[in-house]
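Me: I'm new to this one and would like to learn how to read it. Could you walk me through it, a feature at a time?

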Amino acid sequence: MVKVYIPRDSTALSVGADRTAKAIQAEAEKRGADITIIRNGSRGLFWIEPMIEVETPKGRVAYAPVKPKDVASLFDADFINGGDHALSLGLTEEIPYLKNQQRLTFVRAGITDPVSLEDYIAYDGYKGLKNALAMTQEDIVKAVTDSGLRGRGGAAFPTGIKWNTVLGAKGAQKYIVCNADEGDSGTFSDRMVMEDDPYVLIEGMTIAGLAVGATQGYIYLRSEYPHALHILNEAIDKANAAGYLGDDVCGSGKSFQMEVRRAAGAYVCGEETSLLESLEGKRGLVRFKPPLPAIEGLFGKPTVVNNVISLATIPIILDKGAQYYADYGMGRSRGTLPIQLAGNIKCGGLVELAFGITLRELLYDYGGGSASGRPIRAVQVGGPLGAYLPESQFDTPIDYESFQKLWAVLGHGGIVVFDDTVNMAKMARYAFEFCSIESCGKCTPCRIGATRGVEVMDKITSGTEHTKNIQVLRDLSDTMLNGSLCALGGMTPYPVISALNHFGEDFGLNKGLNEKEGAA
Amino acid sequence: MANQLSAAELDRIKAHILGHQGMPGGLMPLMHTIQDDIGYVPEEVYPLVSKAMALSVAEVHGFVSFYHHFRTHPVGKHVLQVCRAESCQAMGSEKLEADIKAKLGIDYHETTADGKVTLLPVYCLGNCACSPAVMMDDDVYGRVDMEQVEELVSEVSNG
């Protein structure tokens, strides 16, 4: 029986993995070939999905992209024994895109059947929890602190410090809340964890619960991810049945329950206090801080709110030790970042690497340049609230502090690439438009500012009182930046002002648009 | 257009409400359950929800209207969501949006005359390495072009 792996990740499905699987199954039956199809997660080489793999004595051999029309010729080439074919990529582990990565959080993604608990355990799963169960709460928190892990949702707040606050907070009930409201364009690493290795998130949340004394965990999952919902629920059921969740976690006498709650399409609910309001069954209005959620969070109780990637990184830290993780990275950015290459990029996908690699290496060595073949003009890093970076900044290393120095952010690690056909004034207008659609409405700078921003951009691009409106744009951005309650209004100026500063020609600066001034 | 709930639908909604009473933060899962079942959240059930969840009708209305996912009117048999976010824009989604609207003869939040397809904008489907992306009901499609969208639409329209 030969094992053939065909991914079930949403992106693989979006380009036809199910059709490929059906074709392979049918062809195998026709030929009497003895194969078993395993629906694994994705390795994250999305530009060549559907990528199928075959287990051979030498290791797994990859073929990609495999369409139903290729299936007969693959069988002709004896692919089930690793036979040579035009679509063959050789041994999967030797594909440079994959081989050169440093996969810690994503160590199992694409290798295992995501809902198989046996696979998870066979590939070092639940080792972190085993260690954690033998440690004091303080020691678990210390390990997380010492690892240098910072919040991967975007805020980069040290995870261990947050946990320590919750550990020290008094409360009969505490909560672990996983922020899986991954709304940033250009990001999909949370989705990949949940679809391709869900147990690592479950294990991470369980360890978090043990560490701070929380017995209930919620995953707040965006409604746009139906596949992730089904996979998570299946994995949670299996973890419960096997005693990894429930009233007596691994016979420790400690309780940890988990539940997935679907969000409802509000971007602002990725902000932690808005998320908590939403989980409580209310409008997702942002809360004033303090009190911090660590002290008064969900239902007023001490709550750890962490992003999917942060929590999914906990198991390997507890398995291999804080130092092992901290040995990766640069400066105050320790460990690895799962970077997502997206937009107009030839080789889009997931690239997990230690902090320190430059944007240029990512865009060209991994990404292979733009998908259109045209020059890359700008990249937006960190989602819709992240700055646009021009080519002159591509040598910046992936590091929280290096980005901060450029008035940019790493955010959740998504990089959206634009070629030279992009109009940056249009992108600035879009940033305001998005903010106006998604604003929760609680604070004035965001609620009103976003709409005024769209109007000002329209005036600028039509050349109406140009000089004056450029100044209005800067003033408005300053008000939003300093006066908004949360990052939605507070960071919308990042894409806007970075576009204006680096791509002023698209805003009519130095291009003679000023002559039209006052025309309206 | 007044939408009359059938007696059977109303019974099911009442059962959903009962099933979510006492659940911490139960309003969100309840609204999902109602919309999954009926296709939308009928405003006429707000008083029932309000009573069961100890909320004012205004609070229930405020909740539903806050979230883009919830809708208070029936939609077509299928829902086509087109991603408008940056990554898809970088791969030509603006033209795709315009072409889809022209082909279907409707704008966002509208339903085709045959009642088969409702068109909605969406801001990121997490499929950004294979932009542009659309979602038909629960299935995502990546690297799509107009030809593929037309195929999808005709599949569901004839299905």
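Reply: Happy to. Start with pairing: two strands count as paired if DSSP finds at least two bridges between them. Keep in mind that this is a predicted model. Here, A:Leu337 has A:Leu353 in β13(A) as its bridge partner.

Me: In which sense do β12 and β13 of chain A pair?

Reply: Antiparallel, over six bridges, with β12 covering residues 336-343 of chain A.

Me: What is the strand order in the sheet they belong to?

Reply: Follow β13-β12-β16-β14-β15 in chain A: that's an open sheet of five strands, with mixed pairing. At the edges sit β13 (349-354) and β15 (388-390) of chain A, each pairing on one side only. On average, neighbouring strands in this sheet are turned by 30° against each other, direction ignored.

Me: Zooming out, how do I judge the overall form of chain A?

Reply: Compare its radius of gyration with that of a compact globule: for 520 residues that would be near 24 Å, and chain A agrees, with 24 Å. Burial is another thing to look at: 57% of the residues of chain A count as buried. As for secondary structure, chain A has 21 helices and 16 strands.

Me: How many residues of chain B are in contact with chain A?

Reply: 35, and they touch 48 residues of chain A. On the chain B side, the largest share comes from α2(B), with four residues.

Methods
Residues numbered from 1 in each chain as written. Chains lettered and ligands numbered in written order. Predicted model: local features only at pLDDT ≥ 70, side-chain atom pairs only at ≥ 80, totals over all residues. Helix = DSSP H or I, 4+ residues; strand = E, 2+ residues; numbered from the N terminus. Axes fitted to C-alpha atoms, helices over the stretch in contact; angles between N-to-C directions. Contact = placed C-beta atoms within 7 Å. Rg over C-alpha atoms; globule rule 2.2 N^0.38 Å. Buried ≥ 20, exposed ≤ 12 C-beta atoms within 10 Å, placed from the backbone.
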